[in-house]
Amino acid sequence: MRGRVWKFGDNVNTDVIMPGKYLSMRDPSQIAPYIMEGLDPDFGKKARPGDIIVAGKNFGCGSSRETAPGGLKAFGIGCVIAPTFARIFLRNAINIGLPLCECPEAAHEIEEGHTVRVDFSQGVITDETTGRVFRAAPFPPFLQEMIALGGLIPYTRRRLGLG
Amino acid sequence: MGMTITEKILAAHAGQKVVEPGEFIRARVDVAMGNDLSAAGAVAVFAQIGATRVWDPGKIAVVFDHIVPAKDIAAANLLSTVRRFVRQQGIAHFFDEGRNGIAHIILPEQGLCGPGDLIIGGDSHSCTYGALGCFSAGVGHTDLAGVWALGEVWLKVPASLKVVYRGAPGPWVMGKDLILAAIKRLTIDGALYQAMEFTGPTMARLGMSERLTICNMAIEAGAKSGIIPPDEITLDYVRGRAKRPWTVHESDPDARYAGEIDINVNGLRPLVAKPYSPDNVVSVDEVAGVKLDQVFIGSCTNAKLEDLRIAAGLLRGRKAHAETRLIVIPASTWIWQQALKEGLLEVFADAGAAISTPTCGACFGGHMGVLGKGEVCLSTSNRNFVGRMGDPGAQAYLANPAVAAASAVLGRIAAPEELAEAAR
């Protein structure tokens with residue numbers, strides 16, 4: 001995946017990623033326009049599918065609302081790169097197939113507006129604007145399998161013998 | 001090598017003798033909790049999985065709390081979908097309007113969780129149940145649907161962080177202040193991925209209401225779970241309530257911890273978390289004087305009977321300030337009824353409070369007290385991020401119910417002593 005970078009700070013919480021007023025809306029395509037509204041009310045109009053979010057530590061902290069990663073995925077955000085992710089957000093993202101890359105160096109050095117290419121299966125992040133290449137921390141084997149399967153739904157179907 | 005209480009519970013549910021921090025396990029779940037929002041999401045995912053029957057309807061609890069009574073048409077349709085699913089699946093532990101409460105108060109109150117359990121909840125404050133000596137963690141609705149289908153959950157075993165409270169809390173210092181003190185020390189991600197284990201001589205002075213408040217906010221330090229090892233207070237609470245047998249575990253003397261923080265409660269002042277983070281904690285004295293448009297006494301953090309009694313004690317014979325709205329939302333139907341019987345609701349009504357049926361309400365900016373641009377609220381809830389309670393231009397301060405009551409009367413943030421000493 002390859003896209004333009006939007007940069008955010010530390011502790012970006014799920015209330016700003018997907019505000020509470022949208023919680024009764026369940027259709028991901030309905031809520032996608034409102035992603036990151038708490039930090040930037042115009043984000044949904046400025047960003048494009050394929051764009052990449054680069055942020056500070058503890059991205060996705062706070063509420064477990066799955067509409068936070070769900071909205072990012074529905075919008076078409078290609079990947080989120082950060083030094084660390086909050087626990088529930090990380091689980092949710094893996095479960096639904098939103099790519100996350102844990103890489104402090106990339107999160108620190110990549111700037112807003114850069115163009116970045118991510119090979120998620122290899123964990124390689126290339127900042128095409130500067131030429132710098134970074135490696136994201138690999139997920140443990142158990143999670144790599146889940147990700148390769150496509151998330152928790154295919155995983156559970158397989159466990160139930162449904163396919 | 002010894003294990004912590006959290007490790008023992010996880011090992012028991014993974015069918016293993018031993019687990020170690022960092023290890024991935026598949027654990028059997030005792031109770032899967034979904035609220036109105038997460039259950040709605042899970043119903044849709046359950047269908048995508050292609051499962052037809054939940055693994056065990058007796059081990060699922062569905063509690064309507066965030067958007068009830070239906071806050072708009074979208075909410076009403078969402079609730080209908082979940083009701084249909086609950087009926088089809090024969091889920092008995094279902095709490096709808098008029099016989100409900102906030103999930104994290106309902107499960108302990110109704111005896112649906114107990115020591116030694118492993119609980120997965122579709123809400124980040126599911127860590128609350130750890131006050132009863134069980135492992136409990138929050139998840140999203142896809143995970144919840146997965147548990148509904150399989151009866152188990154994948155987990156990475158957390159390292160345990162010991163939090164030791166020593167000393168005696170002063171008259172207006174409550175569980176809320178104890179956990180705010182820990183969050184201040186750790187900051188918002190200081191306990192990231194860890195199981196916070198709350199111990200120390202102070203715990204014996206804390207009833208279950210204060211313990212639930214403490215575990216409720218473990219997530220705000222980034223923790224996966226919070227737990228209080230069971231003692232006589234725990235067992236007194238659980239006897240006569242618990243609907244299933246329980247197992248008491250305790251940490252081994254040689255258990256390993258990722259760290260330990262010690263908090264001296266002697267002389268601790270009531271604390272307030274300033275905008276815009278639960279870890280932006282200061283003494284109430286530092287923010288006394290901030291004018292308030294709204295005071296919210298509610299949420300899974302601080303709207304239990306004990307919290308309402310404390311607030312009513314300060315509001316009795318007094319009125320909320322003319323320019324400050326006071327909203328009181330008891331956390332469950334049972335608590336609401338007890339508050340009625342004890343005359344607490346009359347105290348709140350006489351003070352000019354808007355009293356509601358149980359709901360999360362204003363806490364998450366959903367309904368029942370949403371804030372407008374530029375408004376300032378003091379809330380007994382657990383989060384105050386930008387836009388949490390409404391307009392991004394609003395501000396929320398978090399505090400205990402005593403501070404909330406005093407502040408409602410004076411129309412500004414106030415230490416409870418200011419009110420208790422003032423002539424009526």
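User: What makes a space in this model count as one of the cavities, and how many are there?
Analyst: A cavity is a set of points on a 1 Å grid over the protein atoms alone where a 1.4 Å probe fits but cannot get out. By this rule there are 5 cavities of 30 Å³ or more. The model is predicted: local features need pLDDT of at least 70, side-chain atom pairs need 80 or more, and totals for chains, interfaces and linings use all residues. Residues are numbered from 1 along each chain, chains are lettered from A and ligands numbered from 1 as written, and side-chain values use heavy atoms, without hydrogens and water.

User: What is the volume of the largest cavity, and which residues lie nearest its centre?
Analyst: The largest cavity holds about 320 Å³, counted as space filled by probe spheres on points joined across faces, edges and corners. Its lining has 29 residues (an atom within 4 Å of a point). S63(A), N35(B), L37(B), H66(B) and D123(B) lie nearest its centre. By class, 8 are nonpolar, 14 polar and 7 charged. Here Ala, Val, Leu, Ile, Met, Phe, Trp, Tyr, Cys and Pro are nonpolar, Asp, Glu, Lys and Arg charged, and the others, Gly among them, polar.

User: What about the second largest cavity?
Analyst: Its volume is about 110 Å³. The 15 lining residues include C61(A), G62(A), A86(A), I219(B) and G222(B), nearest its centre. The lining divides into 8 nonpolar, 4 polar and 3 charged residues.

User: What makes a space a pocket instead, and which residues lie closest to the centre of the largest one?
Analyst: A pocket is an open set, with protein on both sides within 12 Å along at least five of seven lines. The largest pocket has a volume of about 400 Å³. Among its 20 lining residues, P28(A), E66(A), I96(A), Q48(B) and H141(B) are closest to the centre. The lining has 8 nonpolar, 9 polar and 3 charged residues.

User: How do you know how much area chain B and chain A bury between them?
Analyst: Buried area is the accessible area (1.4 Å probe) that two parts lose on being put together, summed over both. For chain B and chain A this is about 3600 Å², with 60% from carbon and sulfur atoms. In chain B, I49(B), W154(B) and Y193(B) lose the most area to chain A, together 18% of what that side buries. The contact (heavy atoms within 4.5 Å) takes 44 residues from chain B and 40 from chain A.
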